[in-house]
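Hi,

Here is the structure I promised to pass on. My notes on what turned up follow below it.

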Amino acid sequence: MLKEVFVDGYKSIDRAQVELRQFTLFSGVNSAGKSSMIQSINYMLDLQHKLDNQGRDMYGAIGKFVDVRNSVKGNKEIIFRLSEEDTNEEQYFFSAVCSGGEGRTQVKIESPESEKLIQYAEKYKVIYLSAERVGVQNTYELNIQNPWDIGNKGQFVYSYLSYFGQEELLEPNFICHPDEIGMSLSNQVNYWLNYLLDFRIQVNAVPDVDQVVVTYSNSKSNRYYRAVNVGTGVTYISALIIAALSCKAGDTLIVENPEIHLHPRAQSRLMEFMAFLCGRGLQVILETHSDHIYNGMRKCIKRNMLSRDKIAAYYFELNETMQTQIHHITFNNQGAEETHPYGMFDQFDDDLDELIGICEE
């Protein structure tokens, strides 16, 4: 499991150290460093797959150094550090120092345990779904080169479902109500999709043209429709469910804006799905602008679906010098906030106060 990320001098982040838990939530104002923190995590994970035998990176550039360094700080180096912990609670640390100028960024790996980190990376996978993930299409690509790949835009999720839909989940602990629903990936995906949005999904591979046809049916009808004739949110949430259920305990799922195109009730229920998986060993990192996702998380604490000590929630904002400021939010056992920075999902209350006329004029 990813345990901690440290960033020094990257974009708007001057210097920040963030603890990662079983469930981690990033929220905050636009362009305040949430995506930059996720980019830092992904960059470090990507580097681990590109180390040579001496622990040096041969490929992983993050762009021109002058474009990605903290322009206010004017630093000559960008430092990334990531710690990971295996199931035996043995921690591994991975560090990278980036420098350069107008050209390609130079990267120096500073890790005495590069071999152990590579072994860790081979054992546990990280799935990243960006905010720009694939949406509604007539057909989707059948990934014949790597059937197990999901793609960082979720472009291969339906390919994955077509290959492994009739097989039992990779992680038995992720199976919900096996006697009633069945243990296959397809059955489990449809259970959660029906719970969230009252829909079911089926996929049909067309190997001759390397494509997958995806159709959906509402729970009140037996007729299946192509994705282009169904609400966009159904497609987006289907991809997320499939990606999550392709994981095993110990893996990490990183999702930007899981609320895209989702009704508030579905957003809240989505957190029940995430809590179910986190409670069985999946690590989840979400970046969100949704108070329904946030309050859904708090509701899961109250329902004892997710322990508060397994949650790390952060609010990102910019200070007066346009530098990232990160607030750690804590909760009690009832899901009530113990800390609350001004501006964190306050807009509903602010608007309601104005509508009922109790705000100052």
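Glutamate 19 pairs with arginine 21 in a salt bridge, their closest N and O atoms lying 3.3 Å apart; the term stands for a side-chain nitrogen of Lys or Arg within 4 Å of a carboxyl oxygen of Asp or Glu. Glutamate 19 is partly exposed, at 33% relative accessible area (buried is under 20%, exposed over 50%, partly exposed in between, with a 1.4 Å probe and protein chains only).

Before going on: this is a predicted model, where local features need pLDDT of at least 70 and side-chain atom pairs pLDDT 80 or more, while totals for chains, interfaces and linings use all residues. Numbering starts from 1 along each chain as its sequence is written, and side-chain values use heavy atoms, without hydrogens or water.

By the same rule, the count is nine salt bridges. Aspartate 8 and arginine 15 form one of them, with 2.7 Å between the closest N and O atoms. Aspartate 8 is buried at 7% relative accessibility, whereas arginine 15 is exposed at 57%.

Lysine 34 and glutamate 287 also meet in a salt bridge (4.0 Å, N to O). Lysine 34 belongs to helix 1 (residues 34-48) and glutamate 287 to strand 13 (residues 283-287), so the pair ties together parts 253 residues apart in sequence; helices (H or I, at least four residues) and strands (E, at least two) are DSSP runs, numbered from the N terminus. Both lysine 34 and glutamate 287 are buried.

Finally, helix 7 (residues 232-245) has 13 of its 14 residues buried, so the rest of the structure largely encloses it.

Best wishes
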